[in-house]
Amino acid sequence: MSVQTDNRATVERFWGALDDGPPQGEALEAWKDNFAEDGVWEMPFAPEPLADTVPGRHLIGHFIDWFFASVPDLRIDSLTVHDTTDPE
């Protein structure tokens, strides 16, 4: 499998888990495992008081718990993924 194909599968798995709204319980914990231990969630246009980055799987997990509790009716109804030639 190429890096691009692997990255695409990760993105589809990530967003696909939200098809029926925010995951809960074991599904939520599995969804958080998409993030590497040293991963960084970047939100360059986050409104204050939110930080524009959340560093590390542990803090990302806390952010996700808060976010999904804040928007329990979250639905992604229009998603377009653009592949790039540079996986970085």
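1. Buried means under 20% relative accessible area, exposed means over 50%, and partly exposed lies in between (1.4 Å probe, protein chains only). At 43% relative accessibility, Glu-29 therefore counts as partly exposed.

2. A word on the basis. This is a predicted model, in which local features need pLDDT of at least 70, side-chain atom pairs count only at pLDDT 80 or more, and totals for chains, interfaces and linings use all residues. Residues are numbered from 1 along each chain as its sequence is written, and side-chain values use heavy atoms, with hydrogens and water left out.

3. Back to Glu-29. Glu-29 is found in helix H2. Helices (H or I, at least four residues) and strands (E, at least two) are DSSP runs, numbered from the N terminus. The side chain of Glu-29 makes a polar contact with that of Lys-32, at 3.1 Å. Such a contact is a pair of N or O atoms within 3.5 Å; within protein, one must be able to donate a hydrogen and the other to accept it, and residues adjacent in sequence count only if both atoms are side-chain atoms. Val-40 is eleven residues from Glu-29 along the chain, and their C-alpha atoms are separated by 17 Å.

4. Next, helix H3. The 14 residues of H3 (residues 57-70) should span 20 Å at 1.5 Å a residue, and the end C-alpha atoms are 20 Å apart, which agrees. The expected span is 1.5 Å times one less than the number of residues.

5. Which residues of H3 are buried? They are Ile-60, Gly-61, Phe-63, Ile-64 and Phe-68. Seen down the axis of H3, these buried residues fall within an arc of 165 degrees, so they line one face of the helix. The arc is that of the directions from the helix axis to the C-beta atoms. On the other side of H3, His-58 and Ala-69 are exposed. The cover over the buried residues of H3 includes helix H2 (25-32), strand E1 (40-42) and strand E2 (53-55); contact here means heavy atoms within 4.5 Å.

6. Now the aromatic rings. Rings of Phe, Tyr and Trp (its six-membered ring) pair if their centres lie within 6.5 Å; planes under 30 degrees apart count as stacked, over 60 as edge-to-face and the rest as tilted. By this rule the count is twelve aromatic pairs. Phe-14 and Phe-35 have ring centres 5.8 Å apart and planes at 80 degrees, so they pair edge-to-face. Phe-14 lies in helix H1 (residues 3-16) and Phe-35 in the loop between H2 and E1, so this pair ties together parts 21 residues apart in sequence.
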